[in-house]
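Let's walk through a protein model together, one step at a time. Please look at the sequence and the structure below, and keep them in view as you read.

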Amino acid sequence: MMSSESSTERGRSGRADTGLHPWHFFLLLSMAAATWAVVVARHTQPAALILISAAVIATGLVGAAMHHAVAGFLGLTRDEKRPLPTRARQSIEADKALVLRSIKELEFDRAMGKVNNADFAELGGRLRSRALALM
């Protein structure tokens, strides 16, 4: 059973509620604009009123999506990623160092003629993709 204290601290996603979001503004503004469009459009069929409302609300949602894209592009969004624990970070750094060392050794073996081009391409590709994933 959940206590009232724990159920009001965080939302469903596990994050603390931060209040009003930009998409709230866009949705409310588009709903108000849709209401205004229906009031202004007199002597119109109900199906046309529904389409007008849907178009105006869709425009508001497009505005919210554009705001999200531009804010992300400009770096205005908050980064809600949590830092890794120290042990996990050290493990990843050790794996990265091992993979980078393996790439250097593979390149050296190829230069010495110990590895043919096909094997170098296959192993090098796997090692490089692993290194990118770790970075």
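Which residues does Ser53 touch, not counting residues up to four places away in sequence? Ser53 touches Ala34 and Val38, where contact means heavy atoms within 4.5 Å. Before we follow that lead, a word on how to read the model. This is a predicted model, in which local features need pLDDT of at least 70 and side-chain atom pairs count only at pLDDT 80 or more, while totals for chains, interfaces and linings use all residues. Residues are numbered from 1 along each chain as its sequence is written, and side-chain values use heavy atoms, with hydrogens and water left out.

Now for the overall plan. The protein chain has five helices and zero strands, and from the N terminus on its elements run α-α-α-α-α. Helices (H or I, at least four residues) and strands (E, at least two) are DSSP runs, numbered from the N terminus. Of the 135 residues in the protein chain, 12% are buried. Here buried means under 20% relative accessible area, exposed means over 50%, and partly exposed is in between (1.4 Å probe, protein chains only). Among contacts between residues at least 6 apart in sequence, 55% join residues at least 24 apart. The accessible surface of the protein chain comes to about 11,300 Å², and 62% of that belongs to carbon and sulfur atoms. Accessible areas come from the Shrake-Rupley method with a 1.4 Å probe; for residues, only the protein chains shown count as cover.

Let's return to Ser53. Ser53 is found in helix α3, which covers residues 46-74. Is Ser53 buried or exposed? Ser53 counts as buried because its relative accessibility is 18%. Although Ser53 and Ala37 are 16 residues apart along the chain, their C-alpha atoms are separated by 7.2 Å.

What about the rest of helix α3? With 29 residues, α3 reaches 42 Å from its first C-alpha to its last, close to the 42 Å expected at 1.5 Å a residue. The expected span of a helix is 1.5 Å times one less than its number of residues. Besides Ser53, the buried residues in α3 are Leu49, Gly60, Ala64 and Ala71. Part of what covers the buried residues of α3 is α2. Just after α3, Gly75 takes a positive phi of about 75°.

Next, look at helix α2 itself. In α2, Ser30, Ala34 and Ala37 are buried. Seen down the axis of α2, these buried residues fall within an arc of 65°, so they line one face of the helix. That arc is taken from the directions from the helix axis to the C-beta atoms. The face turned away from the buried side carries the exposed residues Leu28, Trp36 and Val39. The cover over the buried residues of α2 includes α3.

The surface has its own points of interest. Val62, Met66, Val70, Phe73, Leu74 and Leu76 make a nonpolar surface patch of about 690 Å². Patches are made of residues with over 30% relative accessible area and no salt bridge: like charges are joined within 9 Å, and nonpolar side chains (Val, Leu, Ile, Met, Phe, Trp, Tyr) within 5 Å. One of the patch residues, Met66, is found in helix α3.

Finally, let's turn to charged side chains. Side chains of opposite charge can pair when their charged atoms come close. How many salt bridges does a search of the whole structure find? The search finds three, a salt bridge being a side-chain nitrogen of Lys or Arg within 4 Å of a carboxyl oxygen of Asp or Glu.

Arg130 and Asp95 meet in a salt bridge at 3.8 Å, N to O. Because Arg130 lies in helix α5 (residues 117-134) and Asp95 in helix α4 (residues 86-111), the pair ties together parts that are 35 residues apart in sequence. Arg130, at 40% relative accessibility, counts as partly exposed, and so does Asp95 at 30%.

Arg128 forms a salt bridge with Glu107, with the closest N and O atoms 2.7 Å apart. This pair links distant parts of the chain, with Arg128 in helix α5 and Glu107 in helix α4, 21 residues apart.

The side chains of Glu122 and Arg126 also meet in a salt bridge, at 3.0 Å from N to O. Glu122 and Arg126 are four residues apart in helix α5, so about one helical turn separates them.
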